[in-house]
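Biologist: I am new to this structure. Please show me how to read its main features.

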Amino acid sequence: MTERPLEERWTPPGSQPYDLRRSIGVLRRGPYDPAFGTDPDGTLWRATRTPRGPATLRLRQDPAPDRTVRAAAWGPGAAWVLERLPALLGGEDDPSGFVPRHRVVAESWRRNQGLRLIRTGQVMEVLVPCVLEQRVTTEDAHRSWRLLLRRFGEPAPGAPQLYVPPDARTLVRVPSWEWHRAGVDGKRSAAIVRAARVARRMEEAAAMDLPAAVARLCAIDGIGPWTAAETLQRSNGAPDAVTVGDLHLPGLIGYALTGERGADDARMLELLEPYAGQRHRAARLILLSGVAPARRAPRQRHARIARL
């Protein structure tokens with residue numbers, strides 16, 4: 001690394017624990033994400049595209065009991081990233097009003113006190129991989145993300161092993177055969193292109209309240225409540241952005257809270273009603289609990305549409 005990075009420190013307020021890896025890890029799209037890296041010592045790396053240009057962010061948390069996070073950033077967008085570091089790390093998240101209403105939630109909350117809901121403030125960069133995850137296996141979506149970044153992204157400043165995601169203009173110009181080669185069908189690629197054409201309007205959702213932000217994203221054909229919630233959980237740090245329309249989540253939440261199988265979205269929302277305003281936080285804690293029914297059917301087969 002020849003360029004000298006900008007540096008900043010952030011110490012979580014109060015005396016509660018803070019878990020950097022678990023909080024920021026929701027931005028990682030699989031173990032081989034070209035925009036996200038992890039060192040053996042726990043150092044985290046993130047390549048991002050800011051309004052001022054590409055940036056690479058390195059994050060290190062001091063050993064306990066000190067909770068300070070030391071950040072270094074490279075590239076034209078380095079200052080922009082560091083200015084928003086507290087929000088990115090979950091500094092704007094206030095879990096003090098969260099009250100567990102179920103034993104499994106209370107136990108998960110006790111074991112994950114350091115979890116914070118992050119806020120990237122960048123909608124398109126989160127929206128694209130969320131669209132890629134529509135109607136396919138997670139593994140297939142992560143593969144598509146890798147291929148698109150390595151083909152249309154650019155080496156990250158200060159960390160050329162990482163790739164900065166492509167900007168909206170580049171996404172609009174991706175040929176149809178390249179989407180196909182990356183395993184992305186026409187419906188998903190069209191949704192991404194439509195959003196990229198109005199990228200500025202999409203980015204405005206980062207400053208909106210949850211209902212307005214959902215409406216803004218869902219105005220794009222091909223983006224529904226599932227994609228909007230998954231995006232706003234990360235871009236806006238929205239604690240109530242519960243994911244509806246998911247194949248597995250209602251069943252997992254229904255089983256964890258009641259032991260019943262086969263819960264649908266309506267039942268999931270009914271069970272999460274005591275957490276109104278914090279339903280996403282409750283759902284995430286339930287997933288972190290590891291409580292899940294035994295699998296009864298084989299996993300969905302991977303679809304390699306590039307071979308069709």
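This is a predicted model: local features need pLDDT of at least 70, side-chain atom pairs count only at pLDDT 80 or more; totals for chains, interfaces and linings use all residues.

Biologist: Is α5 enclosed or open, and how do I read that?

Modeller: Start with the terms. Helices (H or I, at least four residues) and strands (E, at least two) are DSSP runs, numbered from the N terminus. Buried means under 20% relative accessible area, exposed over 50%, and partly exposed in between, with a 1.4 Å probe and protein chains only. Now the case. In α5, 10 of the 10 residues are buried, so this helix is largely enclosed by the rest of the structure. Among them are Val 123, Met 124, Glu 125 and Leu 132.

Biologist: Which residues have the most contacts inside the largest nonpolar core?

Modeller: The general idea comes first. In soluble globular proteins, nonpolar side chains tend to be buried together. A nonpolar core is a set of buried Ala, Val, Leu, Ile, Met, Phe, Trp, Tyr and Cys residues joined through side-chain atoms within 4.5 Å. Here the largest one has 40 residues, and Met 124, Leu 127, Leu 132, Trp 179, Met 202 and Leu 217 have the most contacts inside it. Its largest share, six residues, comes from α5. A second, separate core has 22 residues, including Phe 36 and Trp 80.

Biologist: What does Trp 179 touch?

Modeller: Contact means heavy atoms within 4.5 Å. Leaving out residues up to four places away in sequence, Trp 179 touches Leu 148, Leu 171, Val 174, Val 184, Ser 189, Ile 192 and Val 193.

Biologist: How many cavities are there of 30 Å³ or more?

Modeller: Rolling a probe the size of a water molecule over the atoms shows where empty space is left. On a 1 Å grid over the protein atoms alone, a cavity is a set of points where a 1.4 Å probe fits but cannot get out, and a pocket is an open set with protein on both sides within 12 Å along at least five of seven lines; lining residues have an atom within 4 Å of a point. Grid points are joined across faces, edges and corners, and a volume is the space filled by probe spheres set on the points. The count comes to three cavities of 30 Å³ or more.

Biologist: What lines the largest cavity?

Modeller: The largest cavity has a volume of about 130 Å³. Its lining includes Leu 27, Phe 36, Glu 125 and Trp 145. Helix α5 gives the largest share of that lining, three residues. For classes, Ala, Val, Leu, Ile, Met, Phe, Trp, Tyr, Cys and Pro count as nonpolar, Asp, Glu, Lys and Arg as charged, and the others, Gly among them, as polar. This lining divides into eight nonpolar, no polar and four charged residues.

Biologist: What of the second largest cavity, and its volume?

Modeller: That one is about 80 Å³. Trp 80, Arg 84 and Arg 119 are among its lining residues. By class it has four nonpolar, three polar and three charged.

Biologist: Which residues lie nearest the centre of the second largest pocket?

Modeller: The second largest pocket holds about 610 Å³ of space. Of its 23 lining residues, Arg 49, Met 124, Asp 167, Ala 168 and Glu 203 lie nearest the centre. The lining has 14 nonpolar, three polar and six charged residues.

Biologist: How many salt bridges does the structure hold?

Modeller: A salt bridge is a side-chain nitrogen of Lys or Arg within 4 Å of a carboxyl oxygen of Asp or Glu. The structure holds 21. One of them joins Arg 119 and Glu 92, with the closest N and O atoms 3.8 Å apart. Arg 119 lies in the loop between α4 (103-111) and α5, and Glu 92 in the loop between α3 (85-89) and α4, so the pair ties together parts that are 27 residues apart in sequence.

Biologist: Where do Arg 111 and Glu 107 lie?

Modeller: An α-helix has 3.6 residues a turn, so residues three or four places apart point the same way. Arg 111 and Glu 107 both lie in α4, four residues apart, about one turn. Their side chains meet in a salt bridge at 3.6 Å, N to O.

Biologist: What is the phi of Arg 135?

Modeller: Most residues other than glycine have a negative phi. Arg 135 has a positive phi of about 60°, although it is not a glycine. Arg 135 lies in the loop between α5 and α6 and is exposed, at 56% relative accessible area. Its side chain also meets that of Asp 185 in a salt bridge (3.9 Å, N to O).

Methods
Residues are numbered from 1 along each chain as its sequence is written. Side-chain values use heavy atoms; hydrogens and water are left out.
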